[in-house]
Amino acid sequence: MSYFICNTCGVQHDQSTQEPNECKICNEARQYVSVNGQSWTTLEQLIQSKRYKNEFTHEEEGLHSIKTVPSFGIGQNTYLIQHEKFNVLWDCITYIDKETITKINELGGIQAIALSHPHYYSSQVEWAEAFKAPIYIHEDDKEWVTRPSKQIVFWKGDQLKLHEGIVLHRLGGHFKGATILEWQNKKEGVLFVGDIVRVVADRQWVTFMYSYPNFIPLPANTVARMANRMNTIQFNKLYDAFHRVISDDAQNRVQLSAKRYIAALEGNLFNT
Ligand SMILES: [Zn+2]
Ligand SMILES: [Zn+2]
């Protein structure tokens with residue numbers, strides 16, 4: 001019996017004797033099946049290959065990003081937020097080995113794991129078991145959990161305070177239960193958005209998509225609702241899942257970006 005991992009999205013599936021027939025995460029409009037077909041691996045195989053390691057970057061006081069090199073699956077980062085002895089792992093990556101566990105324990109371990117949406121569920125149960133931490137997932141995305149676990153806590157509503165200064169907000173859009181994390185540190189409000197919102201090339205604007213690989217936009221009223229919701233959160237800085245950061249004035253940049261996006265959808269941005 002193995003917990004097979006899809007090579008394209010990096011999401012681990014429930015225990016089975018044979019490779020699953022399809023990956024539920026990849027086989028729908030927001031993701032894609034590789035042109036080479038569906039293929040699988042396991043965490044044991046990834047470790048035994050000695051091909052991968054996790055790289056830690058100290059971003060700022062109380063924050064590390066972690067990514068797997070070479071890139072595996074979708075290639076997102078995970079973030080370890082060290083907040084008043086309550087460490088939160090925001091989003092998750094597939095690869096985890098002894099070295100990663102040791103390093104994170106040196107940084108205070110993990111008290112809670114919170115997920116933005118199904119594309120980053122990766123091997124979240126392995127992480128939760130290694131650190132004895134609960135996983136917080138919005139109940140609206142329950143159907144996308146491919147490896148069930150007692151560690152998973154399905155939360156309801158639009159907001160969940162994990163700790164003083166750490167709040168999850170359901171934003172919707174990319175997925176029904178799509179969630180972002182607000183971190184009020186000693187200096188400022190910081191927002192972690194996964195790919196519910198993404199920072200674009202110049203780090204001055206963001207975008208909001210139903211599907212990034214398939215270039216499918218979100219409707220104007222959904223983007224307006226997401227932006228209104230984000231307007232109620234105090235933040236100055238924003239980190240996306242691919243290590244793109246808006247370092248200053250992020251609140252304002254999000255509002256301007258939503259206006260530009262909606263104008264484009266409504267045909268008001270172009271000189272045609
Ligand atoms: Zn997949
Ligand atoms: Zn996604």
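Q: In which helix is Gln124 found?
A: Gln124 belongs to helix α3. The model described here is a predicted one.

Q: Why is Gln124 called buried?
A: A residue counts as buried when its relative accessible area is under 20%. Gln124 has a value of 3%, so the term buried applies to Gln124.

Q: Which residues does Gln124 touch, not counting residues up to four places away in sequence?
A: Contact requires heavy atoms within 4.5 Å. By this criterion Gln124 touches Cys92, Ile113, Leu115, Ile135, Ile137 and Ile152, with residues up to four places away in sequence left out.

Q: What makes α3 a mostly covered helix?
A: Six of the eight residues of α3 are buried. These are Gln124, Val125, Glu126, Trp127, Ala128 and Phe131. Just after α3, Lys132 takes a positive phi of about 50°.

Q: Why can the pair His119 and His174 be said to tie together parts that are apart in sequence?
A: His119 lies in the loop between β8 (112–114) and α3 (124–131), whereas His174 lies in the loop between β12 (166–170) and β13 (179–184). The pair therefore ties together parts that are 55 residues apart in sequence.

Q: Are His119 and His174 buried or exposed?
A: His119 has a relative accessible area of 3%, and His174 has 1%. Buried means under 20%, so His119 and His174 are buried.

Q: How do you know that Leu191 is buried?
A: The relative accessible area of Leu191 is 0%, which is under 20%, and Leu191 therefore counts as buried. Its place is in strand β14. Leu191 touches several residues beyond four places away in sequence, including Ile180, Met230, Ile233 and Tyr239. The C-alpha atoms of Leu191 and Ile233 are separated by 8.8 Å, while the two residues are 42 residues apart along the chain.

Q: Which residues of helix α4 (residues 220–230) are buried, and what covers them?
A: The buried residues of α4 are Ala220, Thr222, Val223, Met226, Ala227, Arg229 and Met230. Among the elements that cover them are β11 (159–163), β12, β13, β14 (189–192), β19 (237–239) and α5 (250–265).

Q: What makes the radius of gyration of the protein chain agree with that of a compact globule?
A: For 272 residues, a compact globule would have a radius of gyration near 19 Å. The protein chain has 18 Å, so the value agrees with the rule. Along the principal axes, the C-alpha atoms fill a box of roughly 55 × 45 × 35 Å.

Q: How many helices and strands are in the protein chain, and what percentage of its residues count as buried?
A: The protein chain has five helices and 20 strands. Of its 272 residues, 56% count as buried. Among contacts with a separation of 6 or more, residues 24 or more positions apart account for 55%.

Conventions
Residues are numbered from 1 along each chain as its sequence is written. Chains are lettered from A and ligands numbered from 1 in the order in which they are written. This is a predicted model: local features need pLDDT of at least 70, side-chain atom pairs count only at pLDDT 80 or more; totals for chains, interfaces and linings use all residues. Side-chain values use heavy atoms; hydrogens and water are left out. Helices (H or I, at least four residues) and strands (E, at least two) are DSSP runs, numbered from the N terminus. Buried means under 20% relative accessible area, exposed over 50%, partly exposed in between (1.4 Å probe, protein chains only). The radius of gyration is taken over C-alpha atoms; the globule rule is 2.2 Å times the number of residues to the power 0.38.
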